[in-house]
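Me: Hi! I'd like to go through this structure with you, a bit at a time. Could you start with the terms and then take my questions?

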Amino acid sequence: MIRLIHAKFMTLTLSPRILHCLPTCCTLLSETSVRFHSISTYPRDPLVSTLLVALKSSSSLYCCRVIHARVIKSLDYRDGFIGDQLVSCYLNMGATPDAQLLFDEMPNKDFVSWNSLVSGFSKRGDLGNCMSVFSVMKSDLDLELNELTFISVISACALAKAREEGQYVHCCAVKLGMELQVKVVNTLINMYGKFGFVDSAFKLFWAMTEQNMVSWNSMVAVCTQNGRPNEAINYFSMMRLNGLFPDEATMVSLLQACETLHLRRLVEAVHGVIFTCGLDENITIVTTLLNLYSKIGRLNASCKVFAEISKPDKVACTAMLSGYAMHGCGTEAIQFFERTIREGMEPDHVTFTHLLSACSHSGLVDEGKHYFQVMSDVYGVQPRLDHYSCMVDLLGRCGLLNDAKELIKNMPFEPNSGVWGALLGASRVYHNISIGKEAAENLIALDPSDPRNYIMLSNIYSASGLWSDAAKVRALMKTKVLARNPGCSFIEHGNKIHRFVVDDYSHPDSDKIHKKLEEVMSKIQEFGFVSETESILHDVAEEIKTNMVNKHSEKIALAYGLLVSAADMPLVIIKNLRICRDCHKTAKFVSLIEKRTIIIRDAKRFHHFSDGLCSCGDYW
Ligand code: ZN
Ligand code: ZN
């Protein structure tokens, strides 16, 4: 009998799918009083050891407790190693009281046991417990505080952003000479980075006798996380000069730094580094790169990067789909989605958010409705608020305002600002005052401090000639909000980002830029361009309004781009707010007359202008 159970047990535990068999094993274990121990080698029960390994990747508290009981019965309990393992398992499952109880009862605790307790608390982000164990260990002279202890406690302080505790532990480390341990210092650098104490991180780094790969990576990450992308790039260059080759961690931080800087040439240079260092097979790096190209307006480059991935995983596919959605390429997004499904990808809620948003950005209403239906019916993905928001946007964009309103009424969630914002945008385009008013009022109730909602509502009134209502909304806005977030536009030239605000004369070449702008504006007027001034709220003469929209930052950036860049280069402009109708129309005319591709990324999406048309179909 014993042999039979034992055999069955062995088959289960030796199975590569041990994790799936774990509950069965545990039930078997709890139902039998047989001591497998008797037929296996003393002192450790190999079955328990195997089960403990499986338990590490499981989250079943039941299994943990069964094994715990078994360990007590079989006397393996006295084995410090097994006790430590069980403590870690309990802590990983968040069962702190169980862990603490077991730990207190363990007869043979050594510094390894204490360290595993500290490390368990640290991984759970449990700063309080971590610090108290640290204090006990510190006051007990028999316990040796080693590298591992410090790494755990410092990580816990970093995670909890506990500056005082962090600095205290740092002092303790110095007292014990731990500051000479590379791993400890690397953890301290990361901690100071998380606290935003970049200078402390710099000091630690330069005081090290020898920096290793992790040290350099930490510095690149610290600079990136703290909005200092140029320094991140400097550290990267120094690292290369020191003869070190970047790895995944380096490249992911570096690519994030590139995202902040928005420099196309820099991204291309980093792409080159990825290639020369043989990291182009690393799916995480390549996916980050693909994402980055989409974000800086180079969808073609994203497609090329994707095409070269030998085995694209779900994250890479989702990134590509997101690129298509961001750039309003609905048809391409659908084709891509169908292809990946045929190749066996299982879509999730993120996939459908991108797919629906792609449909919405391209006005593919039937396709959007179809995917909204099948996402739950066929793929078992329940629609979330994001999906409803996309659908409201999609229906609204096609003028189906009542359908959109009906969808909001029937959805199983409280509508958020995304949903109402989509409805408000549509009401403005289709001049539907009553729905627009309802949406704007809801938005204002959700966030009374956001000036955009008041401006939109006021625009709806103005567009319908209801001037006094528009004036009331503006007066209300003045009492509730201080000022509108100032619009600014960015354009890259000569490895630098040039920033312009409205009516900006601060650029060294500003005379030339404004002369160019005037020249361009009069040229497009000859071709029939008429200003659209609805974004100007003030009650002023049309001529003054025209003058005001003509000074918008994206127009100045556009004029600068035309002035300095080669005639065959696309102009890429980034705008922090949504682009206004007038600037949108200007970009369309300029793309036609100057035969230039213009790409403008505003707060909502990308606009690709060429031959007088925009990829958004004039809806955004
Ligand atoms: Zn504008
Ligand atoms: Zn557009």
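Reply: Happy to. Helices (H or I, at least four residues) and strands (E, at least two) are DSSP runs, numbered from the N terminus. This is a predicted model, where local features need pLDDT of at least 70 and side-chain atom pairs count only at pLDDT 80 or more, while totals for chains, interfaces and linings use all residues. Residues are numbered from 1 along each chain as its sequence is written, chains are lettered from A and ligands numbered from 1 in the order in which they are written, and side-chain values use heavy atoms, with hydrogens and water left out.

Me: Thanks! Where does N115 sit?

Reply: N115 is in helix α7, which covers residues 111–123.

Me: Buried or exposed?

Reply: N115 counts as buried because its relative accessibility is 7%. Buried means under 20% relative accessible area, exposed over 50%, and partly exposed in between, with a 1.4 Å probe and protein chains only.

Me: And what does N115 touch?

Reply: Leaving out residues up to four places away in sequence, N115 touches M137, N146, L148 and T149. Contact here means heavy atoms within 4.5 Å.

Me: Let's zoom out. How many helices and strands are in the chain?

Reply: The chain has 32 helices and 6 strands. Of its 620 residues, 51% count as buried.

Me: New topic: which residues of helix α12 are buried?

Reply: In α12 (residues 198–207), the buried ones are V198, A201, F202, L204 and F205. Seen down the axis of α12, they fall within an arc of 165°, so they line one face of the helix. That arc is taken over the directions from the helix axis to the C-beta atoms.

Me: What do those buried residues pack against?

Reply: The buried residues of α12 pack against α10 (163–175), α11 (182–195), α13 (213–225) and α14 (229–241). The face turned away from the buried side carries the exposed residues K203 and A207.

Me: Now the metals. What coordinates the zinc ion (ligand 1)?

Reply: H552 (ND1), C580 (SG) and C583 (SG) coordinate the zinc ion (ligand 1), at 2.0 to 2.3 Å. Donors are N, O and S atoms within 2.8 Å of the metal (3.2 Å for Na, K and Ca), and water is not among the atoms, so sites may look incomplete. The donor spacing along the chain is H-x27-C-x2-C. H552, in the loop between α30 (542–549) and α31 (553–564), and C583, in helix α32 (residues 581–593), are 31 residues apart and link distant parts of the chain.

Me: How buried are H552 and C583?

Reply: H552 is buried at a relative accessible area of 16%, and C583 is buried at 2%.

Me: Which residues hold the zinc ion (ligand 2)?

Reply: The zinc ion (ligand 2) is coordinated by H584 (NE2), H607 (ND1), C614 (SG) and C616 (SG), at 2.0 to 2.2 Å. Its 4 donor atoms subtend angles of 104 to 116°, which makes the arrangement tetrahedral. Four donors count as tetrahedral if all angles lie between 85 and 135 degrees. Along the chain, the donors of the zinc ion (ligand 2) follow H-x22-H-x6-C-x1-C. H584 lies in helix α32 and C616 in the segment after β6 (613–614), so this pair ties together parts that are 32 residues apart in sequence. H584 and C616 are both buried.

Me: Last one: how many salt bridges are there?

Reply: The count comes to 16 salt bridges, where a salt bridge is a side-chain nitrogen of Lys or Arg within 4 Å of a carboxyl oxygen of Asp or Glu.

Me: Can you walk me through a few?

Reply: E554 and K575 meet at 3.0 Å, N to O, linking helix α31 to strand β3 (residues 571–575) across 21 residues. E554 is buried at 4%, and K575 is buried at 9%. D582 and K555 meet at 2.7 Å; D582 is in helix α32 and K555 in helix α31, 27 residues apart. K472 pairs with D469, their closest N and O atoms being 3.9 Å apart, and both lie in helix α28 (residues 467–480).

Conventions. Four donors count as tetrahedral if all angles lie between 85 and 135 degrees; four count as square planar and six as octahedral if opposite donors are over 155 degrees apart and all others between 65 and 115; anything else is irregular.
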